[in-house]
Amino acid sequence: MPLIVKDYSWTQTEALVYINVPLKGVTVGKVDIFSTDEYLKVNFPPFLFEVILYAPIDDNKSVAKIGNGVVIFTLYKKEESIWENLALMNVDKETLQEKREHAVLKAQEKAVADAEAKAIKKREDEKYALETMMKLEDEERKRIEEKKEWERRRATEELELWKEKQRKEEEEKKAQQRREIQKLENEKKKKNETKTHSKSVPECPRKRTMTKTGKSEEISLPAPRSAGNIKIQFTPRVFPTALRESRVAEEEAWLKKQADARRAVNVDVSELKDLKEEERNPDWLKEKGKKLFATQNYLAAVNAYNLAIQLNHKLPILYLNRAACHLKLRNLHKAIEDSSKALDLLTPPVADNADARAKAHIRRGTAFCELELYAEGM
C-alpha cells in the first residue's frame, strides 16, 4: 500500500500552474512520472503523488524537472483562468479509477500517434535523403558525362589536326616525288635529244697493230655492249641435323594432323541450324568462349565450347579451354576428361604444341589434386 504524499505545494497564474513535490530522500532513478491533460502522477516507492487536475492543461508544453530532492512541474493551462483548487474535490474511487484508465488509454493513443508521426517523419527524412543522394548522383553523372564529352571533342580535334598534318605531309611527299620524277624525265629527255643530234651509228673503236712486214694496220673493234641488270637467286642453305635428333617427320605429321582437323567441320548438326553463319565457325565460338571466360561467365563459356566441339571434335584447343572452365566450375572429373582428350589430340609431341601440352598436364594435375588424388596429380 503506497504512502500518499500530501505535503506538496502549488502556485498559479492565469496561464501557468507550478507544483513542488518533495521526494523524501528517494533517488532520482526511482522516480516515475506519468501525466495527461487531466491526470498527474509521481510514483517513487513507497510514496505516491496523484491528482486529478481542476481543469485541462496543455500536456505538450508542460514540463517536469527533478533536482535538489523535489519534482517541479510547470503546467500550461488550456484556458487562462484562476483555479479554485489544484484538484477536483470529493472524487470517489470509481471516478478516480475511471480517470486513471482514461489517462492510460489517452497516453497509449498518444504514444501510438507519436510513433506513427515519428515513422512518417523518418520515412520523409529517408525519402529526402534518397532524393538528395539521387540528385547528387545525377549531378555527378552529368559532370562525368560533360567531362567525357569534352575529352571526346578534344580527342576528336587532336585527331583531325593529326590527320590534316598527315595529309599535308603526304601531299608534300607526293609533290616532292612528282618533282623528282619530272626532273628525271627532263634529264632523260635532254639526254635523248643530245643522242639524236649525234651520229646515229656509233663509230667502232679502232686498234692499230703491226704486220709481219713491219707496217702498222688499223683493225676495227665491235661496239660496246649495252648495259643491263642480271637477277641472281641463291639456294637456301640447309644446316643438317643428326638423324637421331631430327624431328622433321613428327613436325610434318603434326602439321598434317592440324590441317586435317581444320577441315573436319560438321555443319549438319541439328542443334546448330538456328545459328547464324558466323556462329557455325568453331574459331568464332572459341573466341566467344575466351571472352566469356574473361568476364567470369564460365557456364556460358562451356556452352560455347560445347557447340564448337559439336562442329569440330578434332581441335585440342577446344578441349583445353573447356577444361579451364570446368576447373572454375569445380567440375573436376570433366576437367580431367577434357585435359586427357586434349593430350590425345596433341600428338605427336613436337615443339609447336609444347605449350598446349604443358597447359593440359597442369590442368589435369590441378583437378587430381583438388580431388585429393595427389599421386595422380604429381
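Trainee: Leaving aside neighbours within four places in sequence, which residues is Thr36 in contact with?

Mentor: First, some ground rules. This is a predicted model, where local features need pLDDT of at least 70, side-chain atom pairs count only at pLDDT 80 or more, and totals for chains, interfaces and linings use all residues. Residues are numbered from 1 along each chain as its sequence is written, and side-chain values use heavy atoms, with hydrogens and water left out. Contact means heavy atoms within 4.5 Å. On that basis Thr36 is in contact with Ile57, Asp59 and Ala103, once neighbours within four places are set aside.

Trainee: Where is Thr36 placed, and is Thr36 buried or exposed?

Mentor: Thr36 sits in the loop between β4 (32-35) and β5 (39-44); strands here are DSSP E runs of at least two residues, helices are H or I runs of at least four, and both are numbered from the N terminus. Buried means under 20% relative accessible area, exposed over 50%, and partly exposed in between (1.4 Å probe, protein chains only). At 6%, Thr36 is buried.

Trainee: What about Arg322: buried or exposed?

Mentor: Arg322, in helix α5 (residues 316-328), has a relative accessible area of 14%, so Arg322 counts as buried. Its side chain makes a polar contact with the side chain of Asn306 (2.6 Å). Such a contact is a pair of N or O atoms within 3.5 Å; within protein, one must be able to donate a hydrogen and the other to accept it, and residues adjacent in sequence count only if both atoms are side-chain atoms. Not counting residues up to four places away in sequence, Arg322 touches Val302, Tyr305, Asn306, Ile309 and Asp338.

Trainee: How do I read helix packing?

Mentor: Two packed helices are described by the angle between their axes and the distance between the axes. Axes are lines fitted to C-alpha atoms, for helices over the stretch in contact, and angles run from 0 to 180 degrees between N-to-C directions. Take α3 (residues 282-294) and α4 (residues 298-311): the angle is about 165°, and the axes are 8 Å apart.

Trainee: Which way do α3 and α4 run relative to each other?

Mentor: Under 35 degrees is roughly parallel, over 145 roughly antiparallel, 65 to 115 roughly perpendicular, and the rest oblique. α3 and α4 are therefore roughly antiparallel.

Trainee: And α6 with α7?

Mentor: Helix α6 (residues 332-345) packs on α7 (residues 354-370) at about 155°, with axes 9 Å apart, so α6 and α7 are roughly antiparallel too.
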